[in-house]
Number of protein chains: 2
Amino acid sequence: MSMTTSTMTGPDTPPADLPPALPEPAREELRLEAVLGALSDPLRLTIVRKLLLEREAYDHTCGWFELDRPKSSLTHHFKALREAGVLRQRQYGLERRSRVRTEDLDARFPGLLDLVAAWEPASSAG
Amino acid sequence: MSMTTSTMTGPDTPPADLPPALPEPAREELRLEAVLGALSDPLRLTIVRKLLLEREAYDHTCGWFELDRPKSSLTHHFKALREAGVLRQRQYGLERRSRVRTEDLDARFPGLLDLVAAWEPASSAG
DNA sequence: GCGGTAGTTCGACTTTATTCGTACCGAGGT
DNA sequence: ACCTCGGTACGAATAAAGTCGAACTACCGC
């Protein structure tokens, strides 16, 4: 899950009037093993699935997810998802909003996001 | 990727005259996050992909893969794949042969194995 | 019985990931 | 000026994975 940071460029879809996206791997650079690694964590699956199911109009801040973790942990997980190429993050003033890179992922790994959308977390009660 | 070993039972397809399969999670117990975690490694992707593409008639020993790693490392990776539910392993006399649990995986995570079959390793040359 | 084969288990080590506190930044409101 | 909000960066502690040597098992052929 290590990244050659030098290959992290902007998004392939140039922003119309949107804030710039943070560094991310280009579509052709997406690595299946990195994407699977990023998705092999329940919290991160929760994030991506919630974005897929409840994507209303637009990107969401990381507070929107109502995840019960300290902020520095959330930064870590969102960054992991972005560096693997699962999420795109844009800086909207002081907020950083995330969306799933559905087009890129569907192009490179068709069917993968359907699995994420269909995922349900393990029941905590035994 | 931890397993409650007590839930590791035999395969759901009873063996006809085959050797018994090693403990593995039942189809209903397969966890997406565990499967993705098991597949988030290039060596393990190589193993599964090779099994998918070159599955001739039957299971394969772990020497068949021609992986340039010490035996104890291979044991480790095959076990990880089996405990995640990706592989089924049977003891044929002194050999342990592996196959992909295609039916179970297609039933639970349709499309996932297609992604593995389509995967190609990163070029080692820059 | 010896050596080869196919693989396990154990234990130690290294590497990588996760968790999270603390300190900090920058914009907006009062 | 100061506080709050939404977030980053650093760093340290801990947990989890990966790597691999060494010793071992079991079976087969000679």
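Predicted model: local features only at pLDDT ≥ 70, side-chain atom pairs only at ≥ 80, totals over all residues.

User: Roughly parallel or roughly perpendicular, then?

Analyst: Roughly perpendicular: angles of 65 to 115 degrees fall in that class, and the crossing is at roughly 70°, so H2(B) and H3(B) are described as roughly perpendicular to each other.

User: And which hand does the crossing of H2(B) and H3(B) have?

Analyst: The crossing in which H2(B) passes H3(B) is right-handed.

User: Which residues make that contact?

Analyst: H2(B) contributes B:Leu43, B:Arg44, B:Ile47 and B:Val48, while H3(B) contributes B:His77, B:Ala80 and B:Leu81. Sorted by class, five residues of this contact are nonpolar, one is polar and one is charged.

User: Changing topic to the sheet in chain B: what is the strand order?

Analyst: The order is S1-S3-S2, in an open sheet of three strands with antiparallel pairing.

User: Which strands stand at the edges?

Analyst: Strand S1 (60-61) and strand S2 (87-92) of chain B do. Each has a single partner strand, so one side of each lacks a neighbour in the sheet.

User: How many bridges join S1(B) to S3 of chain B?

Analyst: Two bridges join S1(B) to strand S3, residues 95-100 of chain B, and the strands run antiparallel. B:His60 has B:Ser98 as its bridge partner in S3(B).

User: Where do the helices pack on that sheet?

Analyst: Helix H2 of chain B, residues 42-53, touches S1 and S3, and its direction makes about 80° with that of S3(B). Helix H3 of chain B, residues 71-84, packs on the sheet through S2 and S3, with its direction at about 120° to that of S2(B).

User: Now chain A. How many bridges join S2 to S3 there?

Analyst: Six bridges join strand S2 (residues 87-92) of chain A to strand S3 (residues 95-100) of chain A, and the two run antiparallel. Across this pairing, A:Gln91 stands opposite A:Arg96 in S3(A).

User: What lies between S2(A) and S3(A)?

Analyst: Two residues lie between them, and the strands form a hairpin. In the turn, A:Gly93 has a positive phi of about 60°.

User: And how does S1 of chain A pair with S3(A)?

Analyst: Strand S1 (residues 60-61) of chain A pairs with S3(A) in the antiparallel sense over two bridges. A:Thr61 stands opposite A:Arg97 in S3(A).

User: Last topic, the interface. How many residues of chain A are in contact with chain B?

Analyst: On chain A, 17 residues are in contact with 17 residues of chain B. The elements giving two or more residues to the chain A side are helix H1 (32-38), helix H2 (42-53) and helix H5 (112-118) of chain A. H1(A) provides the largest share, four residues. That side divides into 10 nonpolar, three polar and four charged residues.

User: What rotation superposes chain A on chain B?

Analyst: A rotation of 180° with 0.0 Å of shift along its axis does so, at an RMSD of 0.0 Å. The two copies are thus related as by a two-fold rotation axis. The same surface serves both copies, as 100% of the contact residues of chain A recur in chain B.

Key
Residues numbered from 1 in each chain as written. Chains lettered and ligands numbered in written order. Pairing = 2+ DSSP bridges. Contact = placed C-beta atoms within 7 Å. Nonpolar A, V, L, I, M, F, W, Y, C, P; charged D, E, K, R; others polar. Least-squares fit on C-alpha atoms with pLDDT ≥ 70 in both. Axes fitted to C-alpha atoms, helices over the stretch in contact; angles between N-to-C directions. Parallel < 35°, antiparallel > 145°, perpendicular 65-115°, else oblique. Left-handed = near helix turned anticlockwise from the far one by under 90°.
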